[in-house]
Amino acid sequence: MNGQSGPNTGKVLDLVAKFEKVFHSKPLVIRAPGRINIIGEHTDYNEGFVLPAAIDKAAYLAMSLREDEEIHLVAADLDETFSVRLSELKPVQSPSWPNYLLGVAAQFQNSGLRIRGFNAILSSEVPMGAGLSSSAAVECATAFALNTLLEAGLSRMEMVKLAQKAEHEYAGVMCGIMDQFASMMGKKDHVIKLDCRSLEYEHVPFRLEGIKILLLDSNVKHSLASSEYNVRRKECSQAVDWIREQVPTVHSLRDVTEAMLNTYVLPRDPLIDRRSRFVVLENKRLEEGCRDLENGNFEALGKKMFETHHGLSAQYEVSCRELDFLISQVEGNPDVIGARMMGGGFGGCTINLVRENALPALVATVSGRYLKETGKALTPYVVSIEQGTSRVY
Ligand code: GLA
């Protein structure tokens with residue numbers, strides 16, 4: 001259940017050995033982590049704030065350049081391969097995993113950066129569809145690997161933007177910047193307070209004496225996530241458009257107050273009001289939650305996490321029965337300081353801040369009840385906060 005601290009050396013060496021066997025050359029290896037988010041959900045594409053961190057589960061990518069124009073990819077965990085010529089780069093329908101690498105290569109090409117063919121082997125510890133940004137991890141690893149091998153000189157921020165664009169164009173999810181940012185910029189034992197409008201950020205210490213971060217994976221794969229995610233984005237911009245008709249200084253939900261929603265949105269459409277009100281309140285919760293963190297007041301922060309969950313479930317409607325059940329099982333338990341569903345929604349994990357000594361019993365009880373209620377197994381992960389993307393070999 002516990003992850004390790006720092007790079008997974010065994011995995012790196014296995015990957016190098018496999019690479020030498022398959023491609024007869026020496027690779028570099030990049031580690032790019034998945035992420036958690038303490039609070040601030042669906043706020044990034046509304047120019048609000050988020051509070052994510054990189055974790056001890058990562059994608060590992062071994063890569064070397066080729067002399068020709070071909071891309072040869074291996075997904076070690078799936079035992080699948082994929083090849084394409086640089087001149088024929090386009091999103092693929094099935095399998096979907098190559099898109100995260102090809103999308104980044106295409107961005108290098110589109111930005112006019114010199115690119116060459118490459119060989120790559122991918123292996124990841126970030127569970128897929130669990131809301132831990134397994135795709136952002138692969139995109140960041142690819143951007144970092146290509147940037148290093150091609151000596152393209154991109155900054156971390158440029159790579160973040162390029163990885164985000166890859167997700168838009170090759171995975172079809174109009175995601176915000178949080179996931180790629182957290183994977184690239186994470187710092188051990190710190191969360192990142194990121195202003196998604198200015199892209200200014202601050203690493204805030206996240207000291208958790210006696211408290212662990214427990215993720216409970218519902219094992220519900222978020223199949224609705226990409227389509228409904230894009231719908232939520234449109235609903236938010238609809239609210240902004242309506243308000244802008246009267247208040248032209250408003251550019252995003254970041255600038256919107258509850259009073260504006262009452263006047264310009266609620267009378268026109270209660271659904272659009274619910275969606276945008278969630279975002280306005282979530283930004284407020286994050287600001288206050290950051291002050292709680294500075295004051296070491298985890299209880300107050302935890303309370304806000306529960307409020308976020310209820311907002312995501314009732315107002316933003318991106319939760320599901322299984323996630324709501326998991327929260328109902330821990331809310332009110334004095335050993336659970338805060339909990340909520342995490343990420344885009346429609347499945348994946350809940351994040352729980354839990355007192356360490358209560359952990360084993362809690363996991364056992366909730367797993368049993370979850371199985372009984374849903375017929376599904378629960379997968380628990382205790383995660384730690386680690387460094388962002390880096391070269392590990
Ligand atoms: C997904 C997206 C992020 C963010 C979250 C919700 O993880 O990739 O950009 O919008 O959902 O907060």
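## Elements around the largest pocket

Helix H2 (98-110), strand S6 (118-124), helix H3 (134-149), helix H4 (156-171), helix H5 (178-185) and helix H6 (225-246) each contribute at least two residues to the lining of the largest pocket. Helices (H or I, at least four residues) and strands (E, at least two) are DSSP runs, numbered from the N terminus. H3 gives the largest share of this lining, four residues.

The model is predicted: local features need pLDDT of at least 70, side-chain atom pairs count only at pLDDT 80 or more, and totals for chains, interfaces and linings use all residues. Residues are numbered from 1 along each chain as its sequence is written, and side-chain values use heavy atoms, with hydrogens and water left out.

## Lining of the pocket

The lining of the largest pocket consists of 46 residues, and Tyr100, Gly129, Ser134, Ser135 and His222 lie nearest the pocket centre. By class, the lining has 22 nonpolar, 17 polar and seven charged residues (Ala, Val, Leu, Ile, Met, Phe, Trp, Tyr, Cys and Pro count as nonpolar, Asp, Glu, Lys and Arg as charged, and the others, Gly among them, as polar).

## Packing of H4 and H5

The axes of H4 and H5 are 9 Å apart, and the two helices pack at an angle of about 140°. Axes are lines fitted to C-alpha atoms, for helices over the stretch in contact, and angles run from 0 to 180 degrees between N-to-C directions.

The contact (heavy atoms within 4.5 Å) involves Arg156, Met157, Met159, Val160, Ala163, Gln164 and Glu167 of H4, together with Gln180, Phe181, Met184 and Met185 of H5. Seven of the residues in this contact of H4 with H5 are nonpolar, two are polar and two are charged.

Technical notes:
On a 1 Å grid over the protein atoms alone, a cavity is a set of points where a 1.4 Å probe fits but cannot get out, and a pocket is an open set with protein on both sides within 12 Å along at least five of seven lines; lining residues have an atom within 4 Å of a point.
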